[in-house]
Amino acid sequence: AMEIYRWEGKGFRQLDSLRFGEERDFEDLLEQDAALLLGNERVFVISRQTPIMASQKLDLLALDQHGNCVVIELKRGKPSRKAIAQILEYAAAVAKFSFADLEQLTQRWFRQQGREFTSLLALHSEFFEYELGRIQASAFNRKQRLILVSEGVDVRLLEVAEYLRRIGVDLTYISYFSYQSPDEILVATETVLGAPVIKEESRQSYQYKAKQFM
């Protein structure tokens with residue numbers, strides 16, 4: 001992990017590394033603001049711990065401004081290559097969701113949180129601040145975007161993720177480290193693959209973005 005210091009008037013103090021006790025602890029932060037993952041691009045979280053198949057649940061399901069589904073899978077610690085197979089399975093399942101399915105998931109999620117649900121079209125237009133009716137129900141879930149988030153980077157997993165990206169799978173691989181001080185939590189992220197445009201002609205020309213979430 002990188003070392004993070006905070007200036008405290010007379011000198012720097014190194015912040016302690018923080019390991020979230022459970023993956024859901026990091027989910028709590030991303031549920032409130034998933035912009036940590038895609039920089040300035042906001043995504044609208046519509047479901048959490050979504051049942052996908054027998055005994056398997058997707059961590060977070062969101063929509064981007066165009067209505068594409070954003071499949072977000074979190075891994076505490078370095079993931080194995082099985083994580084790639086898992087997120088691909090989830091994306092394949094999500095690809096089958098109709099607009100009615102997405103609306104039902106959103107309604108269930110909002111009611112669980114005690115939030116008012118109107119309609120998915122209305123909530124999406126309100127979140128992304130466009131005039132209701134500009135995007136039709138038929139435009140939703142035409143594409144699935146995959147985001148895999150883990151502590152650190154697994155090199156072998158990166159090789160597979162890079163290959164999938166080259167053949168057209170919209171996969172973003174993000175590494176994060178978390179830190180704590182007496183009164184705050186900081187999360188530093190580095191987009192290892194897919195940020196925001198990969199130079200496909202050069203395998204080593206990744207664009208790195210470091211961000212902090214407070």
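Start by selecting Arg145 and Asp170: both residues are buried, where buried means under 20% relative accessible area, exposed over 50%, and partly exposed in between (1.4 Å probe, protein chains only). Before going further, note that this is a predicted model, in which local features need pLDDT of at least 70, side-chain atom pairs count only at pLDDT 80 or more, and totals for chains, interfaces and linings use all residues. Residues are numbered from 1 along each chain as its sequence is written, and side-chain values use heavy atoms, with hydrogens and water left out.

**Stop one: Arg145 and Asp170**

Keep that pair on screen and show the side chains. Arg145 and Asp170 form a salt bridge, with 3.6 Å between the closest N and O atoms; the term stands for a side-chain nitrogen of Lys or Arg within 4 Å of a carboxyl oxygen of Asp or Glu. This pair links distant parts of the chain, 25 residues apart: Arg145 sits in strand β7 (residues 144-151), and Asp170 in the loop between α6 (155-166) and β8 (171-181). Helices (H or I, at least four residues) and strands (E, at least two) are DSSP runs, numbered from the N terminus.

**Stop two: Asp170 and Arg165**

Why do Asp170 and Arg165 count as buried? Asp170 does so because its relative accessibility is 16%, and Arg165 because its relative accessible area is 15%.

**Stop three: along helix α6**

Move to Glu162 and Arg166, which both lie in helix α6, four residues apart, or about one turn of the helix. Their side chains meet in a salt bridge at 4.0 Å, N to O.

**Zooming out**

Finally, bring back the whole chain. How many salt bridges does a search of the whole structure find? The search finds seven. Colour by secondary structure and you can pick out six helices and 10 strands. Of the chain's 214 residues, 49% count as buried. Turning to contacts (heavy atoms within 4.5 Å), residues 24 or more positions apart account for 58% of those with a separation of 6 or more.
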